[in-house]
Amino acid sequence: MAATRGSALFNESAGPPDRTPQKRLAVVLWRRKWVVIGTFLTLTLLTAVVSKSLPKQYEATATLWVTEGSGTATFDAVQAGQVLAGTYGKVADNQIIAQRVADSLPFETDGEEVLSAMTFGPVAETQLLRITASDGDPRHARAIANTYARVFIAYSRTQLGDAVNARIAFAAPASIPSQPSKPQPTLYTVAGALLGLAIGVGLALLAEAVDRRIGSPEELEELTGAPVLAQVPRRTHDKETGVAFEESFRQLRTNLQFLNGDSEALRSLVVVSPSVGDGKSTVAFNLARSFAETGTRVILVEADMRRPSLRGAIRSKSGNDNGSSGLSGYLNRTADLDEVLCPTDLPSLQFVPSGILPPTPSTLVSVERARILLADALKLAEMVIVDTPPLSVGAESSALAASADGVLMAVDAKASGKPVIRRARQQLAVVKAPLLGVVLNSVRDLPDIGAYAYWAGASDSSGKRGARPGKRRPQSRV
């Protein structure tokens, strides 16, 4: 029965079947939305501020007409003029011409500064050559462009006239530019926004990859491949939180009862955890009490023989400690199971303590011995709940998990990160353990059911609100 239920409820690949890569990406981006939004806004605003603070540059362009020397307008002549325009563009990029321009300008400059401010290039499919000058002063930009064009015309006539059969003349002088060519705040801001969005998405994915914390119940379900059956709030002295704590285990009990539908009833349940501090003992203890409250005969087995924590809590509610040999004595075949049972304050709940701690607990709990233990316990009770050591600590957890009708994993998001939860899931998959679901412990947000139950009970028999709730039994810390 365990193997059948396990194959139906546990999927080694994990993850909801409808969670496509696109949906996973959307979930990650929504979870890390503040990283994306923060990076996007930061780079957008930074780009906008920086672009407006950059020095302005103005461009002025003088256009020259280059023709083949024959003066005819044949196709070959036009083609030759286009080639000459490109050639003259290369010739114009000349330090000698730039120095002559610098000497001719009405303001102080030198040839290197002039040449660094110039760009030359032919207009595609034409015989035109553009000479463009860039400067922080629009009037200087026009003066440099027109002066460079005149000096270049003179230079080409005197230096190239005999070697090249071509004519060059002004087509259009440069005018004073009305708008700066650089910077372009709108263009830069849009580019910064797109860059910020891309970097934000990258940082969100990186943060998701390196973050080992569990961000949501949905993420926990994706990691384990099993549903979150209950979210247990952090226990405090607040009465409302105490009610919510108890209600979370009643909800867990109900979910477990309805989880199997019409199939055979769940009778043996093993509570495991990925690592130390996940609260598995708390889950096992309170779930056993919750079942016992309904009249179900329950045996709670303390199979954590490394760091047992249940025995003290049970003893505080029962003065009887006749199970001194405990589970270790039963496993060593020195005592029968009924000899190590301890009664509790609930008539329907019995307890098997860990007993004398053995040096190597894993040698006592084989798969065969675990099945015998559960079978013997089910002869004395209607349900058996077993508390085990963390999966990362003891091999006996896997043996017990593989032998039970169902396995419940307790996870505290602060105690166990994604890698250890993933390893725990894989370990259960190896032994084909029937993982029924997950309990998320120490949830900060108070469930609505707890608040509703508390305030609904805070009324007296006359129906008036504000009556003081009756004294509740304090919860033992397990």
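Me: In what order do the eight strands of the open sheet stand?
Reply: The order is S5-S12-S11-S6-S10-S7-S9-S8, with mixed pairing. Strands are DSSP runs of E with at least two residues, helices runs of H or I with at least four, numbered from the N terminus. The model is predicted, so local features need pLDDT of at least 70 and side-chain atom pairs 80 or more, while totals for chains, interfaces and linings use all residues. Residues are numbered from 1 along each chain as its sequence is written, and side-chain values use heavy atoms, without hydrogens and water.

Me: What makes S5 and S8 edge strands?
Reply: Strands pair if DSSP finds at least two bridges between them. S5 (228-233) and S8 (342-343) each have a single partner strand, so one side of each lacks a neighbour in the sheet.

Me: How do you know that S7 and S10 pair?
Reply: S7 (residues 298-302) and S10 (residues 383-387) share five bridges, in the parallel sense. Leu300 stands opposite Ile385 in S10.

Me: Why is Thr44 called buried?
Reply: Buried means under 20% relative accessible area, exposed over 50%, partly exposed in between (1.4 Å probe, protein chains only). Thr44 has 15%, so Thr44 is buried. Thr44 lies in helix H3 (residues 33-53).

Me: Why is H3 called roughly antiparallel to H8?
Reply: The axes of H3 and H8 (residues 185-210) come within 7 Å and cross at roughly 155°. Axes are lines fitted to C-alpha atoms, for helices over the stretch in contact (heavy atoms within 4.5 Å). Angles run from 0 to 180 degrees between N-to-C directions. Under 35 degrees counts as roughly parallel, over 145 as roughly antiparallel, 65 to 115 as roughly perpendicular and the rest as oblique. H3 is therefore roughly antiparallel to H8.
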